[in-house]
Amino acid sequence: MRPIILNLLKQEPVTQLEWQDLFYSVHQVCLDEKGPPKLRDALREDIMEFIKQAQKITFVNQVGRFDVDVTTFQMAVLFAWNERPMDKISYENLQLATELPDPELRRTLWSLCAFPKIKRQLLIADPPAASPKDYSLGTKFWVNQEFAIVINFFTCTLHKTAVGALLEASELRDDVYSA
């Protein structure tokens, strides 16, 4: 059953007999309370892993290459630029392309244009908005070609014994390498 499910998740072809076997097996595992819990958990785990992988996109621009985790709605919005990464697309056209309800589209665009933890946002809006409610049908959005994930460095205070242990380990390593 697992190979058939993995083929389906990868959108690879399966035979009619495989479909029938899969339907019967899934019924036994998922719908019948007597189904083996290990198999049910493994099936759930495979599906969740596939969903996680599907929600990771690789964004490539002049700054570099970035793996970005996105929601399903964010993926739907970003797909509008798949064939035309340099275009400016209006809010109205994004509504038509994604078929998302207005409040959901506004929230999703806001999450891509104004995420507080990122200095350089994935999308840019014109005119700039103070909130998702400020988007109009004519608001234009485009992919920020200078998008980057900036990692903030932090300082760490070490306890005196930890510093001593690190120094001892460093001296020990030097002794081993010089021998």
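**Pocket and rings**

The lining of the largest pocket has 10 nonpolar residues, four polar and no charged. Here Ala, Val, Leu, Ile, Met, Phe, Trp, Tyr, Cys and Pro count as nonpolar, Asp, Glu, Lys and Arg as charged, and the others, Gly among them, as polar.

A note on the source. This is a predicted model, where local features need pLDDT of at least 70, side-chain atom pairs need pLDDT 80 or more, and totals for chains, interfaces and linings use all residues. Residues are numbered from 1 along each chain as its sequence is written, and side-chain values use heavy atoms, leaving out hydrogens and water.

Back to the pocket. Its volume is about 330 Å³. A pocket is an open set of points on a 1 Å grid where a 1.4 Å probe fits, with protein on both sides within 12 Å along at least five of seven lines; lining residues have an atom within 4 Å of a point. That volume is the space filled by probe spheres set on the points, which are joined across faces, edges and corners. Of the 14 lining residues, I57, F59, L78, W81 and N82 are closest to the centre.

Now the rings. There are three aromatic pairs (Phe, Tyr and Trp, its six-membered ring; centres within 6.5 Å; planes under 30 degrees apart stacked, over 60 edge-to-face, the rest tilted). W110 and Y135 have centres 6.3 Å apart and planes at 55°, so this pair is tilted. Ring pairs join Y91, W110, Y135 and F141 into a cluster.

Last, a charge. The charged end of K88 sits over the W142 ring, 4.1 Å from its centre (NZ of Lys or CZ of Arg within 6 Å of the ring centre and within 35 degrees of the ring normal).
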